[in-house]
Each structure stands twice: as C-alpha cells, then as structure tokens.
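Subject: Structure handed over, with notes

Dear colleague,

Please find the structure below, followed by some notes on what was found in it. I would be glad if you could read the notes with the structure open beside them.

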Amino acid sequence: MNVSAQGLLLLNTSFFSNFSFRGFRRLSVVRRSQQCHGLRRGFSKNMACSVENCDMGSGVVHPATDAYAGEAVEALKAGKVIAVPTDTLYGFACDACSLEAVNRIYEIKGRRHTSPLAICVGDVSDITRFAVTDHLPHDLLDSLLPGPVTVVLKRGESSILERSLNPGLDSIGVRVPDCNFIRTIARASETALALTSANLSGQPSSLSTKDFENLWEHCAFVYDGGLIPSSRAGSTVVDLTTPQKYRILRPGSAKEETVAILEKHSFVEAVTS
C-alpha cells in the first residue's frame with residue numbers, strides 16, 4: 001500500500017449507517033437530509049448573533065437552520081472552527097485553505113498532524129476544483145454521493161487546496177454529506193471545508209452536541225441538529241485514484257452498496273501487494 005493510502009486509512013471522518021445512494025434509495029431507512037432541517041436558498045437577515053457581535057471562541061449554540069447558515073459562513077471565512085451536524089455524526093469544520101484554522105482543529109482534538117483530514121464540499125460538481133476526476137465514469141460520483149462515503153482521489157496540479165493540508169500526501173478524501181445545513185454553508189463559503197469528528201482524538205464520536213460539551217468553548221459556534229442515530233460503523237472509505245480500480249480502505253457502514261455501484265461501472269478491486 002502506498003504512503004497516501006496508508007495515511008488515508010487514518011481518516012477520522014464522521015459517518016453512520018443510515019445512507020442514501022442514488023442507486024440504492026430503497027435501502028435507506030431515514031434520509032438524514034430530512035432530519036437536518038430544510039434550508040431555503042439564501043440566508044435570513046435576522047440572525048440572532050453575528051460574527052461581529054459574538055465572541056468567536058465562546059461556543060455559542062444555535063439550531064442548525066437556515067437562520068444561522070449565513071452566520072456559520074462568516075465564521076468560516078474568518079478562519080474559525082465551528083461544530084456542525086452531518087448525515088452521520090457531529091463534526092468540527094473549518095476552511096480547508098486556512099492553515100491557522102486547520103491547525104486549530106488539530107489542537108482542539110489533540111490529534112497528530114500526521115493524521116490527514118478529509119474535506120467536505122457542497123455538491124458533487126465541486127469535487128473537480130479540489131481533486132482529479134477525469135478518469136472516472138461521468139455518473140459514478142453522482143451514484144455514490146451525497147452519502148456516507150469518502151472517495152479518495154488524487155489532488156492534481158490544478159487543485160486549489162493548500163499544500164499545507166495533509167502535507168506529503170498526493171491524494172485527498174472527499175465528502176458530500178447528505179445534510180442540507182453543512183452543504184449549504186459549504187456552497188456559500190465557496191471553498192472546501194476540512195471536516196473531522198467532534199470529539200477528542202481516540203474518544204467516541206458524538207451523536208449529539210451534549211456529547212462534546214466540554215469542547216464547545218473552542219468553537220466559534222455550535223450548531224445543534226438534534227440527536228443523530230448511529231451504529232458508529234463509520235464511513236466507507238474507498239480509494240479511486242486508479243482508473244477502473246477501487247480499494248476499500250475502510251469497510252464502514254456501506255461497503256456492500258459501494259462495491260455494487262463500483263462493479264456496476266466495471267470497476268475491479270485492486271490487488272493488494
């Protein structure tokens with residue numbers, strides 16, 4: 001296994017077993033996007049607490065609704081860390097192109113800098129800005145995402161990601177969560193978000209904001225989307241850096257469904273040397 005694959009095995013991204021693939025909707029019990037509060041296009045002008053008026057490290061808790069999406073975007077653009085619900089678990093998010101913000105996430109979690117972070121984007125079409133997808137069938141990513149899958153791709157020379165993110169790795173894990181709130185703020189931020197589970201490194205992942213209450217003070221804002229049901233199986237992390245081949249780096253909660261989609265597109269499992 002190459003260095004990139006070994007590093008990406010350490011991904012501490014947040015997912016759970018309720019998933020929704022375009023080709024496997026019938027297998028999803030509850031779509032997390034319906035639980036993550038519907039968001040209208042645009043943001044409410046009546047935000048209760050703006051970035052300018054709030055202590056950016058105070059851990060102010062707000063509901064994960066459209067009324068606070070604009071506020072979250074302002075915090076991200078200011079280089080701050082926020083806590084958000086996803087379609088899986090609660091996560092810490094920041095601007096993936098801000099070295100200061102990324103370092104802050106590592107500090108909050110007590111995580112080694114040798115453990116890479118995944119990124120989150122708002123739409124599948126955004127992935128090409130950060131990773132190489134030319135070698136993939138045009139509808140493959142749309143079949144896998146949004147959902148609890150991390151696709152590992154090469155960054156490429158045209159990637160706008162800072163090289164300081166996951167230094168030494170030529171690949172990047174990418175998520176498009178099936179949750180309206182985080183996708184809306186990712187779109188409006190016009191960048192990729194570094195995303196990792198909201199917990200101390202090595203500790204259980206968080207299913208509610210109360211689970212990481214001791215870390216609220218380190219976040220600009222904490223957005224509460226309610227209790228997230230989870231089997232803690234984690235995401236299915238799949239390496240798609242080689243044309244027509246795949247490698248499951250972590251089985252996670254949707255391995256069978258992921259493999260079925262890949263094989264439908266004539267992918268074969270890469271032989272591990």
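Just after helix α6, E190 takes a positive phi of about 60 degrees, and this is a residue other than glycine. Please keep in mind while reading that the model is a predicted one. E190 is found in the loop between α6 and β7, and because its relative accessible area is 57%, where over 50% is the cut-off, E190 counts as exposed.

A second residue with a positive phi that is not a glycine is S266, with a value near 70 degrees. S266 is found in the loop between α7 (255-264) and β11 (268-269), and with a relative accessible area of 52% S266 is exposed as well. These values deserve a remark because most residues other than glycine have a negative phi, and most peptide bonds are trans.

The packing of α6 on α3 can be described in more detail. Helix α3 covers residues 69-77 and helix α6 covers residues 180-189, and the two pack at an angle of about 50 degrees, with their axes 9 Å apart. The two helices are therefore oblique to each other, and their crossing is right-handed. On the side of α3 the contact is made by A69, A72, V73, L76 and K77, while α6 contributes F181, T184, I185, A188 and S189. Sorted by class, this contact has seven nonpolar residues, two polar ones and one charged one.

S189 lies in helix α6, and because its relative accessibility is 8%, where under 20% is the cut-off, S189 counts as buried. A polar atom of the S189 side chain lies 2.6 Å from the backbone oxygen of I185. When neighbours within four places in sequence are left aside, S189 is in contact with V73, L76 and K77, which are among the residues of α3 that make the helix contact.

Another serine to look at is S159, which has its place in the loop between β5 (149-154) and β6 (171-175). What does the side chain of S159 reach? A polar atom of this side chain lies 2.9 Å from the backbone oxygen of F130, and the side chain also reaches the backbone nitrogen of L161 at 3.2 Å. Not counting residues up to four places away in sequence, S159 touches R129 and F130. With a relative accessibility of 13%, S159 counts as buried.

Note on methods:
Residues numbered from 1 in each chain as written. Predicted model: local features only at pLDDT ≥ 70, side-chain atom pairs only at ≥ 80, totals over all residues. Heavy atoms only, no water. Axes fitted to C-alpha atoms, helices over the stretch in contact; angles between N-to-C directions. Helix = DSSP H or I, 4+ residues; strand = E, 2+ residues; numbered from the N terminus. Parallel < 35°, antiparallel > 145°, perpendicular 65-115°, else oblique. Left-handed = near helix turned anticlockwise from the far one by under 90°. Contact = heavy atoms within 4.5 Å. Nonpolar A, V, L, I, M, F, W, Y, C, P; charged D, E, K, R; others polar. Buried < 20%, exposed > 50% of the residue type's maximum accessible area, 1.4 Å probe, protein only. Polar contact = N/O pair within 3.5 Å; in protein donor to acceptor, adjacent residues only side chain to side chain.
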